[in-house]
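This briefing is meant to be read with the sequence and the structure open side by side.

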Amino acid sequence: MAPQPEPSNQSSQSVENKEVFRFIYKNREYDVTEYVPKHPAGKSFFDKMKDEKQDFTEYFRCLHSKRALKILKSQKVVNSNLKESEESKQYTHIKKQVKNLFEPDWTIELLLFIGLSLGLYLGVTSEWYIAIPTIALTQIVAGWQGHSTNHNRNPLLYKLSIPYGIIHGFSTDWWQFKHNNHHIFTNRIGKDDDINHQYQMWQYGFLYLKWKFDSFLFSYNKIDIIFIFIHQLIVFQQKIWIYVIAQYIAGFFSACILIGNHEREYKFFNKIDKPFIEHQIITSRNYDWTDWLSNLLMGGMQFQTEHHLFPQIPFYRLPYAAKIINRELNKFGYKIHVGKIL
């Protein structure tokens, strides 16, 4: 990690007793205090982060766009004489090998959109024996595709992720706030809301229904609510019992995938005391299901570690990206954990 300059970032106070937020990006320390109220995640994120990391280089790079980087570099520099950490240099090296895989394949994106739209239509216009598997399959793949498009920072695809709510029924704003915290505070007890649940297995099936309810509550005053409302108008053209059963099946399947990715891996109970790459490797589990159908049904979550290192890579590019990432990680002595789903 980079040196820890004074003053410490632990709730430092100015003369006016104003809380100061300072973080290290590569070889510079920035005072981002003035930007905190404007950040989409709000002050709560910075309150969480200041107690965990002062050098947030890789955590910032893996999730943010070029525009966000420009905003960061426009903030006040309070120390420009720091040494970039070795972990940061390693991450830069690996990122260069897969940078060309960040951009979406528009042919695949179009086929996914058309296929999922047709799946939703078929699901609400068919008899129960066709509708249930069709709605379940559409919900599963649409959920993973929504996850992928929300992570990507291509400006056009990122904008299209919002109306995707018509198909999967989730709020982009709700998802961003919830899920990006998971990527930064992965397996940190008390800060990562995606882990350490005490659900019984029979409750897994309510995953998507709960997420849709949470999306509605979060987005009642946002543009997302329009697309969520349209989604509900469409799906309730079908009988309610058919829709609920299909959602339960989809939720159960996806919950098993997601819980297996993190719940039984290393957890931080006090502070994340590992550098970024090691943090993501020890808290994530991959699955040995790498064929194209598994990738579609799991949304690339069988490459969970690679996804956490480079979440902007579309899920359909992960099988190829994983080979490159693993090759480069091995050069630095890292090994990804592959295990069972349950």
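A cavity is a set of grid points where a 1.4 Å probe fits but cannot get out, and its lining residues are those with an atom within 4 Å of such a point. With that in mind, the second largest cavity of this predicted model is lined by His147, Ser148, His151, Gly299, Met301, His307, Pro311, Ile313, Pro314, Phe315 and Leu318.

**Confidence in the model**

- The mean pLDDT of the chain is 92, and 95% of the residues reach 70 or more.
- Residues 1–15, however, have a pLDDT below 50, and this stretch makes 35 contacts in the model beyond near neighbours in sequence.

**Enclosed cavities**

- Rolling a probe the size of a water molecule over the atoms shows where empty space is left.
- Two cavities of 30 Å³ or more are counted in this model.
- The largest cavity holds about 50 Å³ of space, and the residues that line it are Leu120, Ile135, Thr138, Gln139, Ile167, Lys212, His231, Val235, Tyr243 and Gln247.
- Helix H6 (128–151), helix H11 (224–235) and helix H12 (240–262) each supply at least two residues of that lining, and the largest share, three residues, comes from H6.
- By class, the lining of the largest cavity consists of five nonpolar residues, four polar ones and one charged one.
- The second largest cavity holds about 40 Å³ of space, and H6 gives the most to its lining, with three residues.
- In the lining of the second largest cavity there are six nonpolar and five polar residues, but no charged ones.

- The largest pocket contains about 1,500 Å³ of space, and of the 50 residues that line it, Leu63, His64, Ser65, Ala68 and Arg153 are the closest to its centre.
- Two or more residues of the lining of the largest pocket come from each of helix H1 (42–50), helix H2 (57–63), helix H3 (66–73), helix H4 (86–98), helix H7 (155–160) and helix H9 (172–184).
- That lining divides into 23 nonpolar, 14 polar and 13 charged residues.
- The second largest pocket contains about 860 Å³ of space, and of its 41 lining residues the closest to its centre are Lys178, Asp194, Leu207, Trp211 and Leu258.
- H6, H9, helix H10 (207–218), H12 and helix H15 (304–309) each give at least two residues to the lining of the second largest pocket, and H9 gives the most, with nine residues.
- The classes in the lining of the second largest pocket are 17 nonpolar, 17 polar and seven charged residues.

**Aromatic rings**

- A pair of aromatic rings is described by the distance of the centres and the angle of the planes.
- The model has 25 aromatic pairs.
- In one of them, the rings of Phe315 and Tyr316 have their centres 5.6 Å apart and their planes at 70°, and the pair therefore counts as edge-to-face, a label that applies to angles over 60 degrees.
- One aromatic cluster is formed by Phe21, Phe23, Tyr25, Phe45, Phe46, Phe56, Phe60 and Phe185.

**Single residues to look up**

- Lys26, in the loop between strand E1 (22–25) and strand E2 (28–31), has a phi near 60°, which is a positive value in a residue other than glycine.
- Because its relative accessibility is 25%, Lys26 counts as partly exposed.
- Asn187, in the loop between H9 and H10, has a positive phi of about 60° although it is not a glycine.
- Asn187 has a relative accessible area of 0% and is therefore buried.
- His183 lies in helix H9, and with a relative accessible area of 1% this residue is buried.
- Pro163 is 20 residues from His183 along the chain, and the C-alpha atoms of the two are separated by 23 Å.

Definitions and conventions: Residues are numbered from 1 along each chain as its sequence is written. This is a predicted model: local features need pLDDT of at least 70, side-chain atom pairs count only at pLDDT 80 or more; totals for chains, interfaces and linings use all residues. Side-chain values use heavy atoms; hydrogens and water are left out. On a 1 Å grid over the protein atoms alone, a cavity is a set of points where a 1.4 Å probe fits but cannot get out, and a pocket is an open set with protein on both sides within 12 Å along at least five of seven lines; lining residues have an atom within 4 Å of a point. Grid points are joined across faces, edges and corners, and a volume is the space filled by probe spheres set on the points. Helices (H or I, at least four residues) and strands (E, at least two) are DSSP runs, numbered from the N terminus. Ala, Val, Leu, Ile, Met, Phe, Trp, Tyr, Cys and Pro count as nonpolar, Asp, Glu, Lys and Arg as charged, and the others, Gly among them, as polar. Rings of Phe, Tyr and Trp (its six-membered ring) pair if their centres lie within 6.5 Å; planes under 30 degrees apart count as stacked, over 60 as edge-to-face and the rest as tilted. pLDDT is the predictor's confidence in each residue, from 0 to 100. Contact means heavy atoms within 4.5 Å. Buried means under 20% relative accessible area, exposed over 50%, partly exposed in between (1.4 Å probe, protein chains only).
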